[in-house]
Amino acid sequence: MAGLLLAALLLTGCGGAAAGDRPLVVVTTNILGDVVGELVGDQAEVVTLMQPGADPHSFEVSAQEAARMRAADLLVANGLGLEEGVLTHVDAAREDGVPVVEAGEFVEPVEWTTEDASGVDPHFWTDPQQVRAVVDGVGGALADVDGLDADQLAADVARYRAEVAELDAELAAEFAQIPAERRALVTNHHVFGHLAARYGFTVVGAVIPSGTTLASPSASDLDELATAVREAGVRTVFADSSQPDRLAQVMAEQAGLDVAVVPLFTESLTADGGGADTYLEMMRANTADIVDGLR
């Protein structure tokens, strides 16, 4: 009986005073989860659905997590088609009357394009300026949640917004070390469109010619990318640390050059101590590796 009661309490978000007396904010991805946590502190219970190191395009949720989504005071999603594995649950929560805010609503769209396809890049977090806009937008949605102290929320939004602005300045200074002719990016899929637009990089191509890891490259795709890499003189390819880099290695071999494959934290935060525990740490770590790889 006690076990059944505990399960019921967890499903309804009423697991004791520490959780039940606070608003429940459910966030789909862990990058957004970190941002939301910075904005609300301990004023709300923040539940992040995506586990550290997971793929945002394909992660799924349990029945219990889906129930918490439908019981949330606010559901924060990335949008722009990123969370393909949980979109039906986001829609179900919205239909149940849960307020849903999508970060993509506040982002200036950047498109990726190949000869055969195109789409909007959902990885806005690679540009801190876009994240500042998301902080403002999500902060506005949080202001409508009952139970949050408006003054404290405003102060935390302003503080974190300033930290992201400082990050932007740091990244611009670091990337300035890379000569213009070496600012060429090749990644495992189209994940750096926003970063390229913000800091003056050229996206030569992607191993998976898509904005999602769920697509698959053909042999001709890899051959075309290898040719582009060879012609651009690219010597470093960046792959997400949580994804197998086998295809990137195959492409590098086809390029016929001494191409290094460098892992980055592009899609997900890590667990504590993993090198990218927070959004700010993730961006600083990636910047250092990009500068080392291209300079």
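**Salt bridges in a predicted model**

Glu-38 and Arg-159 pair through their side chains in a salt bridge, with an N to O distance of 3.3 Å. Glu-38 sits in helix 3 (residues 30-40) and Arg-159 in helix 7 (residues 150-175), so this contact ties together parts that are 121 residues apart in sequence. The model is predicted. Its salt bridges number 12.

**Strand 2 to helix 4**
- Glu-45 and Arg-68 form a salt bridge, and their closest N and O atoms are 3.1 Å apart.
- This pair links distant parts of the chain. Glu-45 belongs to strand 2 (residues 45-48), and Arg-68 to helix 4 (residues 63-70). The two are 23 residues apart.
- Both Glu-45 and Arg-68 are buried.

**Within helix 5**
- Asp-91 and Arg-94 form a salt bridge, with 3.1 Å between the closest N and O atoms.
- Relative accessibility is 35% for Arg-94, which means partly exposed.
- Asp-91 falls in the partly exposed class too, because its relative accessible area is 37%.
- Helix 5 (residues 87-95) holds both Arg-94 and Asp-91. They are 3 residues apart, about one turn of the helix.

Definitions and conventions:
Residues numbered from 1 in each chain as written. Predicted model: local features only at pLDDT ≥ 70, side-chain atom pairs only at ≥ 80, totals over all residues. Heavy atoms only, no water. Salt bridge = Lys/Arg side-chain N within 4 Å of Asp/Glu carboxyl O. Helix = DSSP H or I, 4+ residues; strand = E, 2+ residues; numbered from the N terminus. Buried < 20%, exposed > 50% of the residue type's maximum accessible area, 1.4 Å probe, protein only.
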